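Hi everyone, thanks for making time.

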Amino acid sequence: MFQTFKEWFWLERFWLPPTIKWSDLEDHDGLIFVKPSHLYMTIPYAFVLIIIRHFFQKFIASPLAKTFGIKEEVQKKITPNTVLENFFKHSTRKPSQTDIYGLAKKCNLTERQVERWFRSRQNQDRPCRMKKFQEACWRFTFYLIITIAGIAFLYDKPWVYDLWEVWNGYPRQPLLPSQYWYYILEMSFYWSLLFSLGSDIKRKDFLAHVIHHLAAVSLMSFSWCANYIRSGTLVMIVHDVADIWLESAKMFSYAGWKQTCNTLFFIFSTVFLISRLIIFPFWILYCTLILPLHYLQPFFSYIFLNLQLMVLQVLNLYWSYFILKMLKRSIFTKSIRDVRSDSEGEYEEEEDEEEEEEEKEEATGGKETDRLKNSLGADRHLIPNGQHGC
């Protein structure tokens, strides 16, 4: 059964233009052509990148973060409470004022103590700034290296300047060593991102990231097997060039260099919108969708390739919405914050301010406030509009 499926999966009519056989892509006269078996190496290379990332974050990113003034955050220990923990896990992480009142009575605590417990419990799950910086630093370093390598690989290639050359001689286009390493490293990197999603910081667009990484691996794998290497390298360089600026902006944001962060973010926004909303659809998609029709009749892999590129463009539009939203916010608030936010949806600065406020209140009469709130608790119906306490 497996052999039957394999033979069906690799039918030439799915992958190659009519009249072209797999035998036409066998190595000869010193020319090497792409082979699906080449892709097996992306998995071990992905684990190598994960190992490199571990040591990079430990010995390079962490010292760099400390240079910027980012310190390891020590989580405050909270008093174990089974009732509150069960409510936190199974009901909601952000209880209403009514919930807080009921939990306080049930646990024989003050409302302020319950509020403080939930805030501390939320902070335990909040990723520290050091971890955010390490992840951004790793991605910045890889995107910088792979973009420079991509430019070095492509600057002298004729299809970069003349899109007609992308299809000249297709699919009998030999594989160059630079193309091999560009593809394999890029694909290995996305595999490594997929493998580390469980341990990386989880954001609201987590699902979009999963779809993006899967789409990237699927697109690169398919384009490799069908020998769409030339168009594939163009797609990769167009998408990598903006990510450098985004990751660098994040690094300076976590370091508190707001002006530098804002400047880098505006550069990123410009590069992103030009590369992914202008160059990609009007040059790259035009190259893969329209130009092949002058050489070939439409066939399965041509249709499937362009469907995948359109999915990628939908994701580009999705992220463009967030970028424009951040730009709008920055114009009115004079600062840039990631609208995707962390899983708790709160900003560290606001949380730190709340904690400082609480400490001040504790020093200047927090206990009296708690007593007042508890005394009002017995006659809550006397408080207008349900406003509980001071």
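Before the tour, one term: a patch here is made of residues with over 30% relative accessible area and no salt bridge, with nonpolar side chains joined within 5 Å. Please also keep in mind that this is a predicted model.

So, which residues make a nonpolar surface patch? They are I274, I278, I279, F282 and W283, and the patch comes to about 490 Å². Let's pick out one of them, I278, which sits in helix α12, residues 258-289. I278 has 39% relative accessibility, so it counts as partly exposed.

Now please look at helix α5, which spans residues 97-107. Its buried residues are I100, L103, A104 and C107. Because these cover an arc of only 105° around the axis, they lie on the same side of α5. And what does the face turned away from that buried side carry? There we find the exposed residues T98, K105 and K106. Just after α5 comes N108, with a positive phi of about 60°.

Finally, the annotation. An unreviewed UniProt entry places "transmembrane region" features at residues 38-56, 136-155, 180-198, 264-293 and 299-324. Let's see how two of those stretches look in the model. Residues 136-155 are 95% helix and 0% strand, with the end C-alpha atoms 28 Å apart. For residues 299-324, the chain is 96% helix, again with 0% strand, and 38 Å separates the end C-alpha atoms.

That's my tour, and I'm happy to go back to any part of it.

How values were computed. Residues are numbered from 1 along each chain as its sequence is written. This is a predicted model: local features need pLDDT of at least 70, side-chain atom pairs count only at pLDDT 80 or more; totals for chains, interfaces and linings use all residues. Side-chain values use heavy atoms; hydrogens and water are left out. Patches are made of residues with over 30% relative accessible area and no salt bridge: like charges are joined within 9 Å, nonpolar side chains (Val, Leu, Ile, Met, Phe, Trp, Tyr) within 5 Å. Accessible areas come from the Shrake-Rupley method with a 1.4 Å probe; for residues, only the protein chains shown count as cover. A salt bridge is a side-chain nitrogen of Lys or Arg within 4 Å of a carboxyl oxygen of Asp or Glu. Helices (H or I, at least four residues) and strands (E, at least two) are DSSP runs, numbered from the N terminus. Buried means under 20% relative accessible area, exposed over 50%, partly exposed in between (1.4 Å probe, protein chains only). The arc is that of the directions from the helix axis to the C-beta atoms. UniProt positions are given in the numbering used here, feature names are shortened, and annotations may be inferred rather than shown by experiment.
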